[in-house]
Each structure stands twice: as C-alpha cells, then as structure tokens.
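Here is a short note on the metal sites. Please read it with the model open.

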Amino acid sequence: MRILLILLLAAPLHAAADALSLEQDAHALFFRGHLTKSVQVYKKALEADPQSLSARLNLACAYRALSNDEAALGELEKAIGLAPADPDVMAESGWSLYRLGRFEESASRFEQALKLSPKHFNALLGLGAARMGSGQSRDAVGTLKRLCELRPNFGGSAYFLSKAYEKNSQMKEAREQYAVALRRDWTLKEQEAVIQEAPAAPAKLPELAFTAVQALALPSSEPALRVGLWAGLEGRSAALGRLEFESSGPFQVVGERTKKIFAEGNAGERWTVLSGKKGVSLRSAGGAEITGIAAGLVFKPASSSSTFLVQDIRLPDGTVKPVSSREFRGTLTIYPQRRGARFTAVNELLLDEYLLGVLPSEMPASWPTEGLKAQAVIARNYALAKKGSLRAHLRNHYQLCDSQHCQVYQGARAEKERTTLAVRETAGRLLYHGDRLVQSYYYSTCGGRVQSADDVKGWGGAPYLHGKEDLEGSSSLPKDSPWELFLWLKSVPASNCNDPALIPNSEFRWLRVVTPRAMEKKLRKFRLGRIKEVIPLSRSASGRVNEVLVRGTKRETVLKKEHQIRFGLGEESLRSTLFWVETVRGADGFPKEFWIYGGGWGHGIGLCQAGAAGLAKNSKKTFEEILQFYYEGSRITGQP
Ligand SMILES: [Zn+2]
Ligand SMILES: [Zn+2]
C-alpha cells in the first residue's frame with residue numbers, strides 16, 4: 001500500500017522533471033538555430049506536462065520565430081487559460097491576431113492587456129496599430145499619443161503616430177510627427193516617402209575663421225600618429241581632385257623623401273592643391289607655384305600651435321565633397337595617385353592632439369566627466385593598439401583613418417572644452433591586461449547586454465571581453481528562455497545604458513518596419529527572387545543574432561556576418577544584431593512588412609558608451625571603475 005502511494009506521488013513529479021529537462025533541451029536547440037526541432041521538443045515537454053505554462057509560451061515563441069502566427073496563436077490561447085492575468089500573454093495573443101489580419105479581435109486583446117497593466121507599452125502600440133488596421137484612425141491617434149508620452153525616446157512611437165495622422169488626413173501633424181520620428185531614429189526615413197517634405201537646398205559653405213587652438217604641453221616622448229583623411233566606412237582615404245587651405249602661422253612646403261624645401265607659406269595665405277591631366281600642382285595666392293608633384297609633399301608648420309584650415313574639398317570629377325571644412329593640428333601631407341589624376345591627404349600629429357579631435361565625435365561633450373575620461377583612455381589605447389596593424393592603411397601612407405572604421409576624427413574645429421579636459425586629465429593613462437595593451441573595443445549602446453568577443457567570429461577572444469548584463473555589479477549574462485528573451489527585447493529593462501536623459505533617441509530600444517522590397521534590393525546579389533521568409537537562426541549568449549535565413553522564391557541564403565546581417569535587412573542598416581523579426585503577411589501569403597524589434601547600437605563588445613555615462617552619472621563611478629567594469633581584470637597604468 002505504501003509503495004503504491006509513493007509511486008502515485010512520484011509519477012507526476014517525474015513527469016514534471018522530464019518536461020523541464022525536455023524544455024531545457026528545446027531552449028538549447030532554439031538558440032543554436034534549430035527552430036523546427038525545438039518545436040518538436042517543446043511539444044514533447046507538453047506531452048509530459050500539459051500544464052507547463054513555460055513550455056507552452058516557448059512553443060508559441062518558436063512558432064513566432066518561424067513566422068507561423070496561426071500555430072502561435074493556438075498556443076497563446078491555451079496559455080491564457082493557464083495564466084489569465086498575465087498582460088504579456090494577453091498582448092502577444094493580440095499581436096498574433098493582428099498579424100493574421102484579425103484587427104477587431106486583436107484590439108480587444110490589447111484592451112484586456114491594458115486593463116491588467118495600464119502602461120503596457122506593447123499593448124498600447126498594438127492597440128494603436130489594430131485601430132489603424134480596422135480603419136479607426138482617429139482612435140488610433142489618441143492611443144498613439146499616449147504611447148509617445150509613455151516613451152518619448154522611442155522612434156517607433158512618433159513614426160506610428162505620424163502614420164495614424166496620415167490615415168486621418170491630418171498631413172501637417174503627420175509631417176511634424178514624422179520629423180520627430182526621424183530625429184529619434186534616422187533609419188526610419190526609408191519607410192515613408194508620402195509624408196516626407198522635400199529636402200532643403202544645401203546651404204552655401206560658410207566663411208570660416210581659425211579657432212583659437214590651445215597648444216597642449218605634451219611630453220617629447222608622445223608618439224606621432226598618421227591619419228588618413230576623409231575616409232569612407234571601409235577605411236579608405238578619399239581620392240580628391242582639389243582643396244584649398246590656409247595656415248594660421250608660417251609653414252614650409254617640403255618633399256617628404258627628399259626633405260627639399262619647395263616654398264615658404266605665410267599666415268592667412270590661400271593655397272590650392274589641384275589635380276588634373278598635368279598631374280598634381282600647388283598654387284598660392286602670393287604667386288608661388290609647384291607643378292608635376294610626383295611624391296608626398298608635406299605642409300609643415302613652424303609652430304605647434306598653428307593649424308591648417310582646409311576648405312572647398314572636391315572630388316576628382318569636380319563635385320564638392322559633402323563634408324564640412326576641417327581644421328588640423330600638426331602637418332598635412334598630400335600623395336598624388338594615378339599619375340596625378342587625384343590625390344589623398346594625411347594628417348600627422350601627436351597622439352593626444354589626435355584624441356582632442358576624436359573625443360567630441362565619439363561621445364557627446366555634455367556627458368559626465370568620468371564617462372568622458374573613460375572614453376579618452378580607451379580611444380588612446382585603441383589608437384596605440386591598432387596603429388601598426390592595419391596593413392591596408394599602412395600601404396596608403398597612414399596608420400589610422402578618420403572614419404568609424406577606426407575612430408571618428410574631425411580635427412581641431414570639433415574640439416570641445418570638456419572633452420579636451422578629459423584628454424588632459426588622463427594624459428599618459430593606458431589600459432593593460434597582463435603586459436599587453438587591452439584591445440579597447442567600444443560602441444554606442446549595448447541595449448542591456450554586453451556580448452563576449454568569443455561569441456563572434458573574427459574578434460579574437462580575450463579574457464577581459466566577456467559577456468555580462470550592463471548592470472552595476474553584474475558579471476554574467478542571464479540564461480533566458482526564448483520567450484524571456486523575446487519579452488526582454490520588447491520591453492525597457494533597467495540598464496546602465498537605459499537613461500533617456502543621456503540618450504534622447506531610439507537607441508536602447510528601436511523598431512523598424514522594413515518592406516521585403518527594401519531587403520530584395522539590398523540582397524539582390526543572392527538572386528533570391530521574391531522574399532518569402534526572414535528567420536533569425538542561431539543566437540549568441542547575449543541574444544544577438546549570428547545567422548539569418550532569408551528564403552526567396554528562387555533561392556535561399558544564410559547571412560552570417562555581423563555587417564552582412566546589419567546592412568542586408570533594409571535600405572538603412574540595422575543598429576545592431578540584437579533583434580527579433582516578426583512578419584506581417586499580405587492576402588497573397590507573401591510578407592508585406594517585417595517588424596524588427598531591436599536593442600542597442602553597435603557590436604556590443606567591450607565598453608558600452610551610454611553605459612559608461614550612466615555609471616558615471618547614476619552610480620557615481622570613477623573612470624577607473626568604469627573601465628574595470630567593461631574590461632574586467634585590466635589595470636590602468638600611468639600617474640593619476
Ligand atoms: Zn580605419
Ligand atoms: Zn549598455
């Protein structure tokens with residue numbers, strides 16, 4: 001009798017344990033990208049324990065990831081039976097209904113979710129979308145206004161409000177909201193041509209004067225850096241046709257190799273560098289002329305406190321290069337290319353002079369001082385760690401380029417008092433791990449989770465570049481189920497980098513609505529035909545997508561590299577690979593829109609800039625503590 005009792009008690013326990021272990025297996029399959037297999041194993045878990053809410057929700061989630069809303073809805077309905085007071089479950093059943101075109105029913109689910117949780121962001125967004133879908137655009141306007149109040153730094157709010165106004169024929173309001181949306185997130189611009197006003201005519205170049213440059217007192221041991229100018233995203237310095245410059249002090253024109261002095265320049269004198277059929281030539285307003293320049297020519301100032309002001313920069317075909325004028329400390333060198341048909345320009349200056357022009361471009365000068373100091377140290381580190389290793393740059397006469405390929409550098413005109421102070425106050429400070437310089441990777445916003453360098457191919461794992469939550473005191477990543485990850489991505493969790501006062505724009509969380517046409521255009525080299533499905537497969541421990549399956553009517557392909565994924569899924573690139581894709585299908589069964597819910601901006605490895613600022617502002621951390629948080633086990637050298 002006693003034995004039987006134990007057996008009776010043990011049976012359901014045993015089943016629950018079985019279900020749990022099956023569920024864990026299914027999670028693992030999901031994150032490795034085996035979505036269909038994960039569905040099978042979640043089903044087995046539910047056979048073992050039909051009351052498991054978590055298995056039910058994760059099964060729904062796996063169906064959603066496979067863009068099967070019909071099946072997901074079935075599971076979510078059952079989940080509502082198990083957890084009728086859970087607003088997330090209610091709202092997500094609404095979203096499945098929405099995507100199946102059942103707008104009225106979805107609206108009522110969102111209303112129920114809002115009863116359970118009145119500020120539920122996704123329910124509010126859903127209610128606005130569902131009302132637009134069912135033609136109640138006036139109600140949609142009211143709902144979406146509430147959404148904008150709730151989360152003003154989310155670009156999607158203003159974007160949907162502008163759509164609702166447009167549907168309601170309130171074009172003036174639509175344009176206003178659209179402008180707000182674009183301010184919050186420029187990537188929304190590909191999505192709406194109708195309400196976009198004609199772009200303003202480009203402004204005439206302003207007349208510029210020299211900024212007063214403070215000569216930095218730098219130690220003589222300070223290394224010099226050579227920076228390739230006007231580089232593109234891939235790091236190649238621009239081929240130019242012409243530029244004009246003047247110096248705030250006297251300078252010499254010297255042959256780089258021969259050291260021969262060709263001319264002397266005076267303060268305020270206008271000089272022109274010109275390429276053409278006869279090669280590269282140099283002319284001054286004072287009448288000096290050098291023609292047939294065949295090798296590097298250096299403009300070398302007499303004093304370290306003078307600068308070169310460069311204006312009217314043109315491409316070889318004569319068009320004006322759409323960059324503002326620049327001012328540079330140090331020397332400028334021009335290098336003729338293609339027998340003088342064009343030339344490139346390189347700026348050589350001391351490391352910390354370079355940092356003065358980097359910092360304001362890489363971090364807002366208004367951010368907390370300790371955050372700026374952390375940025376100064378890692379920008380210095382990055383420059384020193386990279387400067388000898390980029391072969392494509394070295395071949396073209398420079399060590400680093402001025403674009404985000406290396407670090408954005410905009411010269412002396414960009415310098416700001418607060419960033420200059422941060423560079424001075426951290427002079428000589430460097431970050432080491434053991435006896436090696438730290439590879440001080442950084443990016444704008446992690447979206448709440450820093451990712452490990454080991455998780456991404458080509459980043460050369462380092463012990464100090466490991467994954468963690470961007471939360472004070474955290475040293476690891478949570479082990480989320482797919483459903484938890486999904487809700488986390490759609491919510492606004494606490495994080496060092498989630499501070500709307502620091503980031504007024506849609507960077508921590510963002511939403512893109514991308515048409516299949518935009519993707520087809522971007523992925524045309526794969527000859528996929530009409531796109532049928534876009535399915536993220538494997539994910540790293542931080543939740544970032546490592547592979548995306550894109551299936552077309554003719555072929556399918558799997559995007560595997562970070563840049564391929566970010567640049568391929570829309571005309572404008574995605575801010576990060578930390579995202580979730582949902583598919584809205586048209587009556588013909590083909591996708592009409594892909595909604596991409598994302599978090600963060602950048603690769604997520606190393607220091608999160610917004611998080612560094614948040615740690616300084618909200619947790620009162622010093623720059624040393626900030627650096628030790630993002631590069632664990634590193635040490636800072638140099639005198640404080
Ligand atoms: Zn570069
Ligand atoms: Zn962060």
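1. Terms first. Four donors count as tetrahedral if all angles lie between 85 and 135 degrees; four count as square planar and six as octahedral if opposite donors are over 155 degrees apart and all others between 65 and 115; anything else is irregular. Donors are N, O and S atoms within 2.8 Å of the metal (3.2 Å for Na, K and Ca), and water is not among the atoms, so sites may look incomplete.

2. Basis. The model is predicted: local features need pLDDT of at least 70, side-chain atom pairs count only at pLDDT 80 or more, and totals for chains, interfaces and linings use all residues. Residues are numbered from 1 along each chain as its sequence is written, chains are lettered from A and ligands numbered from 1 in the order in which they are written, and side-chain values use heavy atoms, with hydrogens and water left out.

3. Zinc ion (ligand 1). His393 (NE2), Cys401 (SG), His405 (ND1) and Cys406 (SG) are its protein donors, at 2.1 to 2.3 Å. The 4 donor atoms subtend angles of 100 to 116°, so the arrangement is tetrahedral. Their spacing along the chain is H-x7-C-x3-H-C.

4. Cys401 is buried (under 20% relative accessible area; exposed is over 50%, partly exposed in between; 1.4 Å probe, protein chains only). Its value is 0%. His405 is partly exposed, at 32%.

5. Zinc ion (ligand 2). Cys446 (SG), Asp470 (OD), Cys497 (SG) and Cys608 (SG) donate from 2.0 to 2.3 Å. Angles of 100 to 121° among the 4 donor atoms make this site tetrahedral. The sequence spacing reads C-x23-D-x26-C-x110-C.
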